[in-house]
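Let's take a walk through a protein model together. Please keep the sequence and the 3D view side by side as you read.

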Amino acid sequence: MPTISRKGLSMPESPIRKLVPYAEKAAEDGKYIYYLNIGQPDIKTPEVALNAVKNNDLEILSYSRSEGSDIYRQKLAAYYNRFDIKVSYKDIVVTTGASEALLFLFSSIMDPCDEVIISEPFYANYIAFSTANGVTVVPAVCTMDNNFGLPSVEAFEQLITPRTKAILICNPGNPTGYLYSKAEIKKLAAIAIKHDLFLIADEVYREFVYDGNTHYSIMQVDGIDEHAVIIDSVSKRYSMCGARVGCLVSKNKTVMKTVLKFAQARLSPPTYAQIASEAALDTPQSYFDDVIAEYAERRNTLIHELQKIEGIKVAKPKGAFYCIVELPIKNTDHFAQWLLEDFEVNGETVMVAPAGGFYSTPGLGLNQIRIAYVLNKESLVKAVHILKEALKVYKD
């Protein structure tokens with residue numbers, strides 16, 4: 001029979017989604033599952049976004065511009081300017097989710113065998129995007145011991161080789177919830193400028209920051225225009241994961257011109273989703289105030305309950321809505337599957353994401369899970385109780 005490509009064979013499974021068949025079987029068997037594995041918010045999508053689609057009188061659902069509609073990009077530029085990110089609508093290309101933005105960017109700035117340095121652990125699909133482009137991931141290992149903060153500048157610079165083209169961070173971080181300080185962002189910017197690298201920041205969780213902290217964007221740094229690229233999305237900000245609308249933002253005109261060629265090749269981002277996303281930009285600040293307060297309470301509830309379990313470690317996140325939990329077991333891949341197949345408490349169980357898939361360094365993360373605290377507080381308490389009872393009886 002015809003053979004599969006080496007690229008296809010090396011494409012990793014999603015550590016977040018690969019357990020779905022076991023969850024579906026558990027649900028068919030009558031188990032109630034608390035889904036802690038995926039960052040799908042249960043917060044309602046702003047009505048202004050939904051109404052923009054419901055009340056639209058389009059008669060022809062036509063293509064949009066390849067770079068996204070002008071009016072949406074103009075409103076996006078105004079949104080960024082509120083955060084002291086001084087960009088024009090011409091510095092924005094709208095994409096089908098942040099995933100497509102990263103795929104377009106990797107294709108535009110890196111050739112096969114080039115290297116990208118990524119702070120580890122990282123969003124698992126970064127490996128998939130790199131694999132799709134033949135790019136090598138070089139991990140800058142961060143540990144739970146210092147809450148997943150960046151390694152030193154010296155350690156970072158030791159990772160740079162003649163093949164290094166970019167540094168990629170997620171701020172705030174998925175899967176750790178780590179929030180980069182202004183000083184850390186400036187250090188990374190200095191490294192990028194010194195070594196003539198691109199500095200890419202996935203900022204899809206910009207609003208999700210707690211404890212009085214503030215988010216500092218790479219595009220707030222002076223002198224970074226030719227090096228900085230922001231990846232963004234409406235998915236988490238407005239609880240619009242299904243819209244599949246993201247964007248790529250950069251003042252580097254050569255990068256944007258190249259990205260546009262890839263955007264033209266896929267024709268255009270979805271029209272109705274852009275209409276919803278454009279309307280979502282009119283969401284009042286009170287919506288975000290309520291959402292952030294709710295997530296802060298969920299985080300506090302989750303951490304409080306987890307800390308009651310003997311033998312575990314948990315890093316307290318400052319942003320996003322994820323945390324990494326270290327369990328007193330050897331293999332969380334097996335544990336996560338066992339929870340779905342063989343364990344329940346009063347007909348209920350939990351689905352978690354094994355954290356090994358968020359690392360590229362062999363052997364790291366095998367005793368860790370990622371929890372997304374996107375459920376209400378009562379459900380989080382019940383889910384952690386099930387996790388606690390499971391650890392009492394689980395055998396490696």
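The loop between α9 (253–265) and α10 (271–280) holds L267. These element names come from DSSP runs numbered from the N terminus, where helices (H or I) have at least four residues and strands (E) at least two. This is a predicted model, in which local features need pLDDT of at least 70 and side-chain atom pairs count only at pLDDT 80 or more, while totals for chains, interfaces and linings use all residues. Residues are numbered from 1 along each chain as its sequence is written, and side-chain values use heavy atoms, with hydrogens and water left out.

Back to L267: its phi is positive, about 80 degrees, although L267 is not a glycine.

Look for F148 in the loop between β4 (136–141) and α7 (153–157). With 3% relative accessibility, F148 counts as buried.

Next come two cis peptide bonds. One runs from E120 to P121, with omega near 10 degrees, and P121 sits in the loop between β3 (115–120) and α6. Another runs from N174 to P175, with omega near 25 degrees; P175 belongs to the loop between β5 (164–170) and α8 (182–194).

Now find T349 in strand β11 (residues 348–351). T349 is buried, since its relative accessible area is 0%. Its side chain reaches the backbone oxygen of F343 at 3.4 Å. Beyond neighbours within four places in sequence, T349 is in contact (heavy atoms within 4.5 Å) with residues including K31, Y34, L340 and I386.

Finally, where is there open space? The largest pocket contains about 500 Å³. On a 1 Å grid over the protein atoms alone, a pocket is an open set of points where a 1.4 Å probe fits, with protein on both sides within 12 Å along at least five of seven lines; lining residues have an atom within 4 Å of a point. Among the 24 lining residues, R17, S99, Y123, K236 and R244 are the closest to the centre of the largest pocket. The largest share of this lining, 3 residues, is provided by α5. The second largest pocket has about 230 Å³ of space, and F83, R206, V209, T214 and H215 are the closest to its centre of the 13 residues that line it.

Notes:
Points joined across faces, edges and corners; volume = space filled by probe spheres on them. Buried < 20%, exposed > 50% of the residue type's maximum accessible area, 1.4 Å probe, protein only. Polar contact = N/O pair within 3.5 Å; in protein donor to acceptor, adjacent residues only side chain to side chain.
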